[in-house]
Amino acid sequence: MSTAGPALLTALAVSIGLIIVLCGRFRLHPFLAIVLATYAFGFLAMGIGAATGAQEPFVDDLAGTVAEGFGSILMSIGLVILFGTIIGKVLERTGAAVTLAEAVLKVIGKRHPALAVSLMGWVVSVPVFCDSGYVVLSPLQRSIARRTGKNPVVLGTALATGLYASHTFVPPTPGPIAAAGNVGIASDGLVWVILFGIPVSLVAAVAGLAWALRRTTDLESHLPDARQTFEEYKEQFERLPSTGRALAPILGPIVLMAIGSVAAFPSGDGTLVDGSFGAFLTDVGNPVNALLFGVLLALALLPPRRDAKVLTTWVAEGLVDAAPILVITGAGGAFGAVIKGTPIADYIADLIGDGSAVSGVPALLLLFAIAALLKTAQGSSTAALIITSTLAHPLLPALGLDGTLGAVPMGQVMAVLAIGAGAMVVSHVNDSYFWVVTQFSGMDVKTAYRAQTAATLVQGLTALGAVVLLGLVLL
């Protein structure tokens, strides 16, 4: 193993580098990049095993391992991702996202417009992709800028960073859901990712807001004078749903998952709620069931006269949005399965030992760095979350991130949050969200680098600080 260990680490580094080069340099879709890297690592590992005289092959049945890894991760997390994207699409199409934005504006008031747009972005991006959320909310942001006389770049950056914060940390956004599943968090543990992800994402949102208020006030927007007002944008909706109805598809699943986790909490020799009723509550709180309930609450937002064909189209759009995430997640699961088929985790454990500095909190820094490298190189935060969590799962015991705190899988939750912080660093020209922000806020590329790109760097580093502080206390 002493001979094979360094070679396996080198093979893994080469495979990660291959993903970065294929995505960044050659613009290959992350799915194909991960699949090619998986096979590259698998063949290298088999060759290393043969060259070092291993008694058993490091990867037995490469094709079967890839297929099993692909299918197993989708079996555990696929429906959750699909239901989450359908909820987001219906909220967007029915105008519920607009209702949520206006509710936040009423609560915060017009005296703090940047805070208002940041918070409404944070709320809307929990179920809705951040780029879609920016498109939906940009008319409101521009309308607020016109009413208050606030610099559109300030408000645009505040909105972008608010959306971005919950996008990388808070399920049911698909990226954090997939990352949680990849690191082995069971379905009943997803609520802990939500509960710890919310405060970390709020810290990141505040950091982005502070950057917008302090560093973008002298930047100029090039929005045309004749542009759609928020009132004109709202006219496309027959009738906006109430705040309670708009919020129900988001809060409903979270409440059910929380109830299920509380019911399954260890107490004495059993759980907090024993018997058939406890089993019922636990099953209801399963993320698949909870998010299906969220889908039903979202469908209740449809106007009475809505054509069924339109609903089918909206659901189809949600499925199209989910497809890339599903295949990337599956490819990531295959990569992880191949990694698990080698003794690389045992070698890392030997390297770390009991007194190593690469355990616990330092391991969080390592996961952050890998996710940040992948994000910066290939552009997609979701892909960075999925790929890094895939790599992390078989290594968590060696990295000291497999511990629990009561019923909370704390090590795995901290790993997801560290990866989420890294997946924020940084949004630039290879990120589709970067171009959404620039086009809808009137920024040129130079301005966007000073506003959006710099803000995401600050957000990622600030979120990492919050995660490290949590790790020092909880790990």
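Entry 1: I began where two helices touch: Tyr433, Phe434, Trp435, Val437 and Thr438 in helix 19 meet Val445, Ala448, Tyr449, Gln452 and Thr453 in helix 20. I sorted the residues of this contact by kind and got seven nonpolar, three polar and no charged. A reminder to myself: this is a predicted model.

**Entry 2: how the two helices lie.** At what angle do helix 19 and helix 20 pack? I found about 115°, with the axes 10 Å apart. That angle makes helix 19 roughly perpendicular to helix 20, because the range from 65 to 115 degrees counts as such. I also noted the handedness: helix 19 passes helix 20 in a right-handed crossing. Helix 20 covers residues 445-474, and helix 19 covers residues 432-441.

**Entry 3: helix 19 by itself.** Which residues of helix 19 are buried? I wrote down Tyr433, Phe434, Val436, Val437, Thr438 and Ser441. Just after this helix I came to Gly442, which takes a positive phi of about 75°.

**Entry 4: the whole chain.** Next I stepped back for an overview. I listed 20 helices and two strands in the protein chain. The chain has 475 residues, and buried ones make up 56% of them. I then looked at contacts between residues at least 6 apart in sequence, and 82% of these join residues at least 24 apart.

**Entry 5: aromatic pairs.** How many aromatic pairs does the structure hold? My list has six. One of them is Tyr134 with Tyr433, an edge-to-face pair with 6.3 Å centre to centre and 85° between the planes. This pair links distant parts of the chain, since Tyr134 sits in helix 6 (residues 130-148) and Tyr433 in helix 19, 299 residues apart. Is Tyr134 buried or exposed? Tyr134 counts as buried because its relative accessibility is 0%, and buried means under 20%. Tyr433 counts as buried too, at 2% relative accessibility.

Another pair on my list is Phe277 with Phe280, which is stacked: 6.5 Å centre to centre, with 25° between the planes. Phe277 is exposed, with a relative accessible area of 51%.

I also came across a cluster: ring pairs link Tyr134, Tyr164 and Tyr433.

**Entry 6: Gly278.** I stayed in helix 12, where Gly278 lies. Gly278 is buried, with a relative accessible area of 2%. Which residues is Gly278 in contact with, leaving aside its neighbours within four places in sequence? I found Ala263 and Val273. I also looked up Ile259, 19 residues from Gly278 along the chain, and their C-alpha atoms are separated by 10.0 Å.

**Entry 7: Gly149.** My last stop was Gly149, in the loop between helix 6 and helix 7 (152-169). Is Gly149 buried or exposed? Gly149 is exposed, with a relative accessible area of 65%. From Gly149 to Pro113 I noted 36 residues in sequence and 9.9 Å in space, C-alpha to C-alpha.

Technical notes:
Residues are numbered from 1 along each chain as its sequence is written. This is a predicted model: local features need pLDDT of at least 70, side-chain atom pairs count only at pLDDT 80 or more; totals for chains, interfaces and linings use all residues. Side-chain values use heavy atoms; hydrogens and water are left out. Buried means under 20% relative accessible area, exposed over 50%, partly exposed in between (1.4 Å probe, protein chains only). Helices (H or I, at least four residues) and strands (E, at least two) are DSSP runs, numbered from the N terminus. Axes are lines fitted to C-alpha atoms, for helices over the stretch in contact, and angles run from 0 to 180 degrees between N-to-C directions. Angles under 35 degrees count as roughly parallel, over 145 as roughly antiparallel, 65 to 115 as roughly perpendicular and the rest as oblique. A crossing is left-handed if the near helix is turned anticlockwise from the far one by less than a right angle, and right-handed if clockwise. Contact means heavy atoms within 4.5 Å. Ala, Val, Leu, Ile, Met, Phe, Trp, Tyr, Cys and Pro count as nonpolar, Asp, Glu, Lys and Arg as charged, and the others, Gly among them, as polar. Rings of Phe, Tyr and Trp (its six-membered ring) pair if their centres lie within 6.5 Å; planes under 30 degrees apart count as stacked, over 60 as edge-to-face and the rest as tilted.
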